[in-house]
Amino acid sequence: MSTLAVGGHGDQIDPIAEAVARKATLAQFFLGDPQAWKGPEIVYRGGAAALKVAAEQAGVTLYVHAPYVLNVATTNNRIRIPSRKFLQQYLNAAAEVGAAAVIVHGGHLGKNDDPAIGFDNWRKCIDGLEMPVPLLIENTAGGDNAMARRLERIARLWDAIGNARGGDTVGFCLDTCHAHAGGEELAGLVDRVKAITGRIDLVHANDSRDAFDSGADRHANFGDGEVDGEALVEVVRTAGTPVVVETPGGREGQGNDIAWLKENV
């Protein structure tokens, strides 16, 4: 029987029910609209304390994904400053529900901006955050001036974060769809990432609807996309970390992909 710690991304109303429906031991969710500039909302019946207790009793590990709109790297003050503010709020809310971590995308700059500014903005952000739970930075699929699309950028990002107070508490989330679409071969990727970051804390296991190096962030169910199944299994197996499936189809689609992972990893 598989001992893989795996779950899916579902509705925040009842993360425990989402995990149970997927036959999973993890649940990832948003705390609000991922495309909105709003602070976290805990809608679980009974609030944060009740969700924390329910997760502990059910043996379900919780992960909170920060909104997509947050971008702490940008040179735009009207985006960067509220991004920092909301990221702190999400870290605090995640701690209240007993989540294991908050996942946030690496962000990007305008095409003519100096990437060094973005890396330093990340350093300043980490330097100013309180970390009641770990923050995991996720690699992204697209953008020529993205902070975490390609490994050379991730290396520069990690160098900058290493100079921040609390930088050693920042972890890494490796998304297989994003890596594939972002132009990074999955074969041997775990070792290449760990050589840069020293760690992988979570894997987002997703197939990709689009071709290698397409820059498109469109997830597919396992076997329905362009990612080689053996390479995906290699990433999950060698990373040796908890896994979140973010594929289409809700409880049924993700449940089938979770079962496939349990059988093949």
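Start with the strands: 8 of them close into a barrel in the order β1-β2-β3-β4-β5-β6-β7-β10, and the pairing is parallel. Neighbouring strands of this sheet are turned by 25° against each other on average, direction ignored. Strands here are DSSP runs of E with at least two residues, helices are runs of H or I with at least four, and both are numbered from the N terminus. Two strands pair if DSSP finds at least two bridges between them. Axes are lines fitted to C-alpha atoms, for helices over the stretch in contact, and angles run from 0 to 180 degrees between N-to-C directions.

The model is predicted: local features need pLDDT of at least 70, side-chain atom pairs count only at pLDDT 80 or more, and totals for chains, interfaces and linings use all residues. Residues are numbered from 1 along each chain as its sequence is written, and side-chain values use heavy atoms, with hydrogens and water left out.

**Select β4 and β5.** Strand β4 (residues 101-105) pairs with strand β5 (residues 135-138) in the parallel sense over 4 bridges. Find Val104; its bridge partner in β5 is Ile137. Along β5, Leu135 and Ile137 point one way, Leu136 and Glu138 the other way, and all are buried. Buried means under 20% relative accessible area, exposed over 50%, and partly exposed in between (1.4 Å probe, protein chains only).

Residues 77-96 form α3, which lies across β3 (61-65), β4 and β5 and runs at about 155° to β4. Contact means heavy atoms within 4.5 Å.

**Show the aromatic rings.** The structure holds 4 aromatic pairs. In the pair of Trp37 and Phe86, the ring centres are 6.2 Å apart and the planes stand at 40°, so the pair is tilted. Rings of Phe, Tyr and Trp (its six-membered ring) pair if their centres lie within 6.5 Å; planes under 30 degrees apart count as stacked, over 60 as edge-to-face and the rest as tilted. Trp37 sits in the loop between β2 (26-29) and α2 (47-58), while Phe86 belongs to helix α3, 49 residues apart. Trp37 is partly exposed at a relative accessible area of 37%, whereas Phe86 is buried at 12%.

Next, go to Trp158 and Phe172, whose ring centres are 5.7 Å apart with planes at 75°, so this pair is edge-to-face. Trp158 is in helix α5 (residues 151-161) and Phe172 in strand β6 (residues 170-175), so the pair ties together parts 14 residues apart in sequence. Both Trp158 and Phe172 are buried.

**Stay on α5.** Its buried residues are Leu151, Arg153, Ile154, Leu157, Trp158, Ala160 and Ile161. Their cover includes α4 (115-128), β5, β6 and α7 (189-197).

**Move to Ser208.** Ser208 lies in strand β8 (residues 207-208) and counts as buried at 0% relative accessibility. A polar atom of the Ser208 side chain lies 3.0 Å from the backbone oxygen of Asp210. Neighbours within four places in sequence aside, the contacts of Ser208 include Cys177, His180, Arg218 and Glu226.

**Finish at Glu226.** Glu226 is in the loop between β9 (219-220) and α8 (229-239) and counts as partly exposed at 49% relative accessibility. Glu226 and Cys177 are 49 residues apart in sequence and 9.1 Å apart in space, C-alpha to C-alpha. With neighbours within four places left aside, Glu226 is in contact with His180, Asp207, Ser208, Arg209, Asp210 and Ala211.

Terms used. A polar contact is a pair of N or O atoms within 3.5 Å; within protein, one must be able to donate a hydrogen and the other to accept it, and residues adjacent in sequence count only if both atoms are side-chain atoms.
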